[in-house]
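Welcome! Let's take a friendly walk through a structure that may be new to you. Please have a look at it here before reading on.

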Amino acid sequence: MENSDTLLLKLEEAMGPKGLVTGEAVRQRATSWQDSSPCQALAVLRPERSEQVAAALAVCHEHRVQVVPVGGGTGLVGAVRTESEQVALSLERMNRILAIDPQQKTAIVEAGAPLQAVQEQASEHGCHFAVDLGARGSATIGGMVSTNAGGTEVLRFGMMREQVLGLEVVLADGRVLSSMRPLLKNNTGYDLKQLFIGAEGTLGIVTKVLLRLRAKPTSVNTALLAVASYQRVMDLLAFLQERCGQSLACFEVLWESFYQQILEHNPAHRPPFAQPHPYNVLVESTGSSLRQDQEAFQQVLEVAAEQGLIEDAVICNSLEQKKSLWSIRDDIDTLVESLESAQMFDISLPLQHIDSYVCDLTTTLRARYEEANVVTFGHVGDGNIHLAISLGRHLPAEKAWLEQEVYQPLGALAGSVSAEHGIGLDKKAFLHLNRSDDEIEIMRQLKALFDPRGILSPGRIF
């Protein structure tokens with residue numbers, strides 16, 4: 001890399017006067033939500049327009065400067081960590097929602113737009129954006145595209161890939177590819193945008209997204225259900241899918257370990273049930289008829305209770321009550337703060353293996369450390385669970401051992417080491433559990449084609 005002062009002058013020219021952060025101002029930025037250590041980048045690029053992204057990447061490509069794209073910093077795989085000779089690229093100033101078409105049910109947004117802003121503006125136009133995450137206030141659309149984010153409504157609407165109609169992407173050398181066409185059907189050769197969804201910024205930088213919106217539901221019915229066993233959780237899911245059909249939007253399972261951890265360490269939450277239960281299932285059904293949907297939802301739950309699928313239920317009668325229940329599920333800050341040296345994991349498994357996997361893992365960890373705490377929760381309806389694991393004071397030294405115990409069994413169970421957060425830097429050693437040698441080689445060839453100098457998201461995925 002040439003003299004850093006000369007490089008920074010070129011980048012400042014590409015970015016404009018407010019587009020380049022250097023020196024101590026870089027260190028004042030935290031690495032990510034999980035890692036509060038100072039950002040180590042040589043500089044942070046803050047473009048305001050796609051043309052500035054293209055100009056900056058052209059400079060970095062010419063001088064072989066590595067670029068780490070940074071979104072909301074809510075990922076769990078170390079993807080936004082930077083080194084002293086790398087530059088971070090933040091689209092925090094490219095956060096505009098450019099257009100919403102309620103008739104076509106599409107939205108054009110810049111990649112730095114926060115999820116919550118997109119949800120709110122879509123709602124104002126009578127539409128619904130069908131991806132939701134607990135980190136909705138921080139997570140950005142570009143980051144969600146780049147990791148193919150999932151969230152709580154995957155069961156009904158699918159992951160981020162299913163919500164993307166088009167992309168504008170800046171390649172490593174500064175060229176711009178655009179597929180911003182509002183079409184559900186477009187069979188004109190290779191669908192190149194699919195390559196960038198879930199690619200974690202290794203093939204190009206997403207700058208604009210054409211999103212697919214859905215009709216805003218007239219009714220939303222929410223309940224927290226107490227369930228006695230995991231088998232009954234599975235029976236309940238099958239029952240609700242049969243009785244509710246496509247109206248079943250969410251099926252979130254809170255193991256007792258999660259439920260108790262949150263309620264015991266955050267007095268702001270009021271216990272929904274008088275006593276704890278092994279499993280707590282947060283379900284949500286949406287529809288188009290307020291009264292009829294509510295009556296049907298209650299009838300379905302009454303039948304579930306009669307069949308012994310649920311032990312108790314809290315059915316929301318107000319928006320405030322709904323928010324109260326979801327606040328328990330979304331309170332990841334309390335979870336992390338209350339566990340000593342918590343390590344977060346995002347995995348997926350076939351439904352029939354989830355509970356035995358959690359039990360076996362807990363047994364293995366506690367055989368070595370009695371104080372091991374495995375807190376489990378997740379979407380489950382789509383096979384995705386999250387684990388927050390504490391080994392107490394032992395975790396920093398035992399991180400590699402812990403990761404091996406979490407990930408190694410997944411290969412034999414047809415599971416995935418990453419359900420919705422990607423591979424990043426932290427899961428590279430376990431990619432082979434889910435991808436064959438041939439698949440990884442094809443990925444490398446694609447990387448070499450799109451980014452021959454290896455400047456984008458260096459070292460991510462493989």
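## Aromatic rings and a sheet

In this predicted model, Trp255 and Tyr279 are both buried. Their ring centres lie 5.6 Å apart with the planes at 70°, so this pair is edge-to-face. Trp255 belongs to strand β13 and Tyr279 to strand β14, and the two residues are 24 residues apart in the chain. Together with Tyr230, Trp255 and Tyr279 make up one aromatic cluster.

A second pair brings together Phe258 of helix α9 (residues 256–265) and Phe377 of strand β17, 119 residues apart. Phe258 and Phe377 are both buried as well. Because their planes meet at 35°, with the centres 4.5 Å apart, the pair is tilted. The search of the whole structure finds eight aromatic pairs, among them these two:

| Pair | Centre distance | Plane angle | Type |
|---|---|---|---|
| Trp255 and Tyr279 | 5.6 Å | 70° | edge-to-face |
| Phe258 and Phe377 | 4.5 Å | 35° | tilted |

Now to the sheet. How many strands form the open sheet? There are seven, in the order β15-β12-β14-β13-β17-β18-β16, with antiparallel pairing. β15 (312–315) and β16 (343–348) each have a single partner strand, so one side of each has no neighbour in the sheet. From one strand to the next, the twist averages 20°.

Strands β17 (residues 373–378) and β18 (residues 384–390) are joined by six bridges, and Thr376 faces Leu387 in β18. Helix α13 (residues 354–368) packs on the sheet, with its direction at about 10° to that of β18. Helix α14 (residues 395–412) lies across β16 and β18.

Finally, Arg368 sits over the face of Trp401, 4.3 Å from the ring centre.

Terms used:
Residues numbered from 1 in each chain as written. Predicted model: local features only at pLDDT ≥ 70, side-chain atom pairs only at ≥ 80, totals over all residues. Heavy atoms only, no water. Pairing = 2+ DSSP bridges. Helix = DSSP H or I, 4+ residues; strand = E, 2+ residues; numbered from the N terminus. Axes fitted to C-alpha atoms, helices over the stretch in contact; angles between N-to-C directions. Contact = heavy atoms within 4.5 Å. Phe/Tyr/Trp six-rings, centres within 6.5 Å; stacked < 30°, edge-to-face > 60°. Buried < 20%, exposed > 50% of the residue type's maximum accessible area, 1.4 Å probe, protein only. Lys NZ or Arg CZ within 6 Å of the ring centre and 35° of its normal.
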